[in-house]
Amino acid sequence: YKRQGINAEYGGSFSKTLLFCMVASIFGSLSSVLGKLALDSQTFASFFGQTEWKFVEYAVRGILIGGMILSNLQMMNLFAKGMSASSSLEATVLSTSFNYFFTTIAGCFIFSESITPQWLIGSAFILVGVALINKGVLVANACTEKSKHS
């Protein structure tokens with residue numbers, strides 16, 4: 001059995017999918033932070049202060065928006081590699097879950113946002129869901145391997 005295309009390049013392993021999705025989510029969270037800094041006037045003013053020179057403000061906002069776009073492109077690239085290394089279901093669930101957590105952590109540390117009890121309960125449900133999906137994938141992979149050797 002020989003793998004074709006991008007699956008051969010990345011090996012089709014869960015650990016590679018996990019890594020690609022985790023790093024993709026970090027870039028997604030970075031994109032969210034840059035977007036909030038660039039486009040929310042109150043956040044922009046609290047981080048960079050007020051200036052009389054509007055061209056400086058527009059230049060900084062432009063750089064932040066450019067960084068947001070580049071972060072999104074890198075996130076999509078790594079997400080696609082994650083989907084190629086495994087199933088699209090796994091990659092989607094992992095990326096969405098990691099992005100949720102990384103964005104919340106960034107919000108707490110960078111913007112002093114709070115974590116509510118509802119968020120903690122929701123996070124617990126997400127973790128259980130990810131664990132169940134991954135267990136199902138591992139069982140399916142084991143059955144596939146077993147049937148190949150039979």
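Trainee: What am I looking at?
Mentor: A predicted model, where local features need pLDDT of at least 70, side-chain atom pairs count only at pLDDT 80 or more, and totals for chains, interfaces and linings use all residues. Residues are numbered from 1 along each chain as its sequence is written, and side-chain values use heavy atoms, without hydrogens and water.

Trainee: Which residues make the largest nonpolar core?
Mentor: Val33, Leu34, Leu37, Ala38, Phe44, Leu64, Met68, Ala106 and Phe111. A nonpolar core is a set of buried Ala, Val, Leu, Ile, Met, Phe, Trp, Tyr and Cys residues joined through side-chain atoms within 4.5 Å. Buried means under 20% relative accessible area, exposed over 50%, partly exposed in between (1.4 Å probe, protein chains only).

Trainee: And which helix supplies the largest share of this core?
Mentor: α2, with four residues. Helices here are DSSP runs (H or I, at least four residues), numbered from the N terminus.

Trainee: What is Phe111 in contact with?
Mentor: Leaving aside neighbours within four places in sequence, Val33, Lys36, Leu37, Thr43, Phe47 and Ala106. Contact means heavy atoms within 4.5 Å.

Trainee: Switching to Ser95: buried or exposed?
Mentor: Buried, because its relative accessibility is 10%. Ser95 lies in helix α5 (residues 88-111). Beyond four places in sequence, Ser95 is in contact with Cys21, Ser25 and Phe79.

Trainee: Why does Ile110 count as partly exposed?
Mentor: Because its relative accessibility is 38%. Ile110 is also in α5.

Note on methods:
Helix = DSSP H or I, 4+ residues; strand = E, 2+ residues; numbered from the N terminus.
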